[in-house]
Amino acid sequence: MLRREQRTTANNLAGDNVSGGYTMPMPKFMAELLGDVDNFTFMEKYCRVIPVSGETPIHWPRRDSRLSGARRGGEGTPPTQVTGPTFAKRALKPTLLQAEYIASNVWLQSSLIPAEDLVRKELAYEFAIGSEQDYMTGTGSELEPLGLFTASDMGVPTSRDSSTANTSTAVTADGLWTGFYQVKPQYRGGLITVGSRPFALQCRTLKNGDGTYLWAPGINSQAPDTLFGRPFFESEYCPQTFTTGLYVAATFDPTQYIIVRKPELEVQRLIEDRARQNQTVILARMWNDGMPVTAEAFVRHKLG
């Protein structure tokens, strides 16, 4: 006879392939990929982008000071000799951003999702966010762009920082307006502001003296929010630490941040390099550089 405890044991569990005899259908995979939403990038959309064909530096002559020294004088008085102007140059050289991905040939050939297209898109996205981060905080070394939030006499010097009326942990409406009017009116019509999510949250509640909000939502899903009535963009790559003396946002004319880059992402497929491992190497390369070129078109908002 069967023992009681054996008779009560379930034998055909639908959730177990072994006891269920593999009779249940296998999981169905959808031919689409679930993933986190891509971070938003905007600099190459709004800034001045100049396509180049190689790695040769591009130079701009720049007037660093105007002719000055004219004086009034009586009739017969010899004129005063004026000084200037003086010139310098700005140079941008596309530098290499590259990556390689080693893919199983079995995966490339049998995946429900077009695997190679997926890898190409992921590499393109990786390069996009890497470049965006450099446009925000790059050091300006020979290997990377010069970012908005990097103080430099070759880009945006500390004289373009504004902290008046801001506290040690937050920006204020008066502080933001002070920074806004640090920019000449010739640039103001095209100004945009970029900041982090914490900065956007602070701005969301700031009001002018008449009770109106500084921040306003975009009129539709395609239009950006506004600050000072000008476009405002959130970036995951802006400074996000709210402490005394640190940068939290920048207001600037994007046409005065110049990006040079080769027009396309270069992708190379190496099928022999790892043939013994039945793998394919996918190489991706991109060349770009960027920097602010007219300091007076920028202001960085800083905590007090």
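**Figure 1. Ala-165 in the loop between β5 (161–162) and α5 (173–180).** The model is predicted. Although Ala-165 is not a glycine, its phi is positive, at about 80°. Most residues other than glycine have a negative phi.

**Figure 2. Asn-278 and its contact with Asn-105.** Asn-278 also has a positive phi without being a glycine, here about 55°. Asn-278 belongs to the loop that runs between β12 (266–270) and β13 (279–292), and is partly exposed at 37% relative accessibility. Asn-105 is placed in helix α3 (residues 105–110). With residues up to four places away in sequence left aside, Asn-105 touches Asn-278, Gln-279 and Thr-280. Asn-105 has a relative accessible area of 13%, and is therefore classed as buried, whereas Asn-278 is partly exposed.

**Figure 3. The cis peptide bond from Gly-84 to Pro-85.** Omega for this bond is near -10°. Most peptide bonds are trans. Pro-85 is found in the loop that separates β2 from β3 (86–92).

**Figure 4. An aromatic cluster of Phe-40, Phe-42, Tyr-46 and Phe-233.** A search of the whole structure gives 14 aromatic pairs. One of these is formed by Phe-40 and Phe-42, whose rings are stacked, with 6.3 Å from centre to centre and 15° between the planes. The two partners fall into separate accessibility classes: Phe-40 is partly exposed at 44% relative accessibility, while Phe-42 is buried at 1% relative accessible area. Tyr-46 and Phe-233 make a tilted pair, with centres 4.7 Å apart and planes at 50°. This second pair joins helix α2 (residues 43–46), which holds Tyr-46, to strand β9 (residues 230–234), which holds Phe-233, and so ties together parts that are 187 residues apart in sequence. Tyr-46 is partly exposed, with a relative accessible area of 30%. Phe-233 is buried, with a relative accessible area of 5%. Ring pairs link these four residues, Phe-40, Phe-42, Tyr-46 and Phe-233, into the cluster.

**Figure 5. The charged end of Arg-204 over the ring of Tyr-213.** The charged end of the Arg-204 side chain sits 6.0 Å from the centre of the Tyr-213 ring.

**Figure 6. The charged end of Lys-262 over the ring of Trp-287.** In this view a lysine takes the place over the ring: the charged end of Lys-262 is 4.1 Å from the ring centre of Trp-287.

**Figure 7. The largest pocket and its lining.** The volume of the largest pocket is about 370 Å³. Its lining consists of 14 residues, and those nearest the pocket centre are Arg-62, Arg-63, Val-293, Thr-294 and Glu-296. Strand β2 (residues 58–65) contributes six residues to the lining of the largest pocket, the most of any element. By residue class, the lining of the largest pocket has seven charged, five nonpolar and two polar residues.

Conventions. Residues are numbered from 1 along each chain as its sequence is written. This is a predicted model: local features need pLDDT of at least 70, side-chain atom pairs count only at pLDDT 80 or more; totals for chains, interfaces and linings use all residues. Side-chain values use heavy atoms; hydrogens and water are left out. Rings of Phe, Tyr and Trp (its six-membered ring) pair if their centres lie within 6.5 Å; planes under 30 degrees apart count as stacked, over 60 as edge-to-face and the rest as tilted. Buried means under 20% relative accessible area, exposed over 50%, partly exposed in between (1.4 Å probe, protein chains only). Helices (H or I, at least four residues) and strands (E, at least two) are DSSP runs, numbered from the N terminus. A charge sits over a ring if NZ of Lys or CZ of Arg is within 6 Å of the ring centre and within 35 degrees of the ring normal. On a 1 Å grid over the protein atoms alone, a cavity is a set of points where a 1.4 Å probe fits but cannot get out, and a pocket is an open set with protein on both sides within 12 Å along at least five of seven lines; lining residues have an atom within 4 Å of a point. Grid points are joined across faces, edges and corners, and a volume is the space filled by probe spheres set on the points. Ala, Val, Leu, Ile, Met, Phe, Trp, Tyr, Cys and Pro count as nonpolar, Asp, Glu, Lys and Arg as charged, and the others, Gly among them, as polar. Contact means heavy atoms within 4.5 Å.
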